[in-house]
Amino acid sequence: MKTTAALLVETGKPLEVVELEIPRLQEGQVLVKVHYSGCCHTQVLEVRGYRGIDQWCPHCLGHEGSGEVVDCGPNITKVSVGEFVVLGWIKGVGADVTRSIYDWSGTRVNAGAITTFSKFAVVSENRVTRCPENINLRDATLLGCAAPTGMGAVTNVCNAQTGQTLAVFGVGGIGLCAIAAAVAQNCEAIIGIDVNESKLSLAKRMGATHCINARKTDPILEISDIVSGGLDFAIEASGQIVPMKQALEVVRPQGGVAVIIGNTRAGEMLEIDPKQLNLGKRIFGTWGGDTQPDRDYDKYSEILVSDNFDIDALVSKPYSLNQINQALDDLEVGNVGRPIIDMAL
């Protein structure tokens, strides 16, 4: 059986859409007909080579999607043929099978536990989760990465409560999901910071109480005018060093928390003034918003389908698989919040 897939053949070059032979399922793997795939900044970093040379080329990419299970390898108990599932990089319950090898006209093609830039994909059991019944497959794609990372940072890492204050540096897909979770948690001040006015407009539509263009003004000064004494939380979702430092600076002494989500380019280092830590501030990292997919996806989907979340604004433009490089280009320059690849186009 063959599948059409977008393949990274050489780091720094556009993805190539090719036909691959699907390998036989191993124990602990399922075959999914992918309906939709999201595009994340992680793929931009991988394709452009911003994280260094990809040692696995030729390489199948993509880690956020949704689809239907069409076959199961031995000893699969989590899902069944015919069930709709969310595909995501965050490990859930089930077998952890870390590698598959596809065939491309005699060339071995590497794939990890999950790939979604293809019409059919072999996926490890622990990277599939039954799709919540209240959400359609297109929107459920966000549950594979953007929603759990952004929403989980607010609900799991920060445990934000009614009346608390929060800023989000970088309001792309993950940042907008963080804002939506802060709205759901009834935070009092929710501040979106970015350098892209269209993204800030989206943040406002998602429920941000204040928006700051960091290209036009100093966000530290602006935030001090909005909330005296510092914020309870700051979430960095930009992948940039300066906002990472600023996130720690804007939280309050004695208990303020900065959460770093964004992926930087290879070789970039974050320097922290120890005085910020001496003040009793805390800085946390997070692995996918500390999400447990089998526990948390229903909670996140409730936020995604709520009237407060303008999901059509976030995923407004569908792309075909043949347009995958355009989707990555648009994501990199900030033309879209979260590109969605519709495999039916």
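Predicted model: local features only at pLDDT ≥ 70, side-chain atom pairs only at ≥ 80, totals over all residues.
Side-chain values use heavy atoms, with hydrogens and water left out.

Me: Which strands stand at the edges of the open sheet of six strands?
Reply: The order is β13-β12-β11-β14-β15-β16 with parallel pairing, where strands are DSSP runs of E of at least two residues, helices are runs of H or I of at least four, both numbered from the N terminus, and two strands pair if DSSP finds at least two bridges between them. Two strands have a single partner each, so one side of each is left without a neighbour in the sheet, and these are β13 (210-213) and β16 (282-285).

Me: In β14, which residue is the bridge partner of phenylalanine 169?
Reply: Strand β11 (residues 165-169) runs parallel to strand β14 (residues 233-236), and four bridges join them. Within β14, the partner of phenylalanine 169 is glutamate 236.

Me: Is serine 66 buried or exposed?
Reply: Serine 66 is found in strand β5 (residues 64-72). Buried means under 20% relative accessible area, exposed over 50%, and partly exposed in between, with a 1.4 Å probe and protein chains only. Because its relative accessibility is 0%, serine 66 counts as buried.

Me: Which residue has the backbone oxygen that the side chain of serine 66 reaches at 2.7 Å?
Reply: Leaving aside neighbours within four places in sequence, serine 66 is in contact (heavy atoms within 4.5 Å) with residues including Lys33, His35 and Arg138. At 2.7 Å, the backbone oxygen reached by its side chain belongs to leucine 137.

Technical notes. Residues numbered from 1 in each chain as written. Polar contact = N/O pair within 3.5 Å; in protein donor to acceptor, adjacent residues only side chain to side chain.
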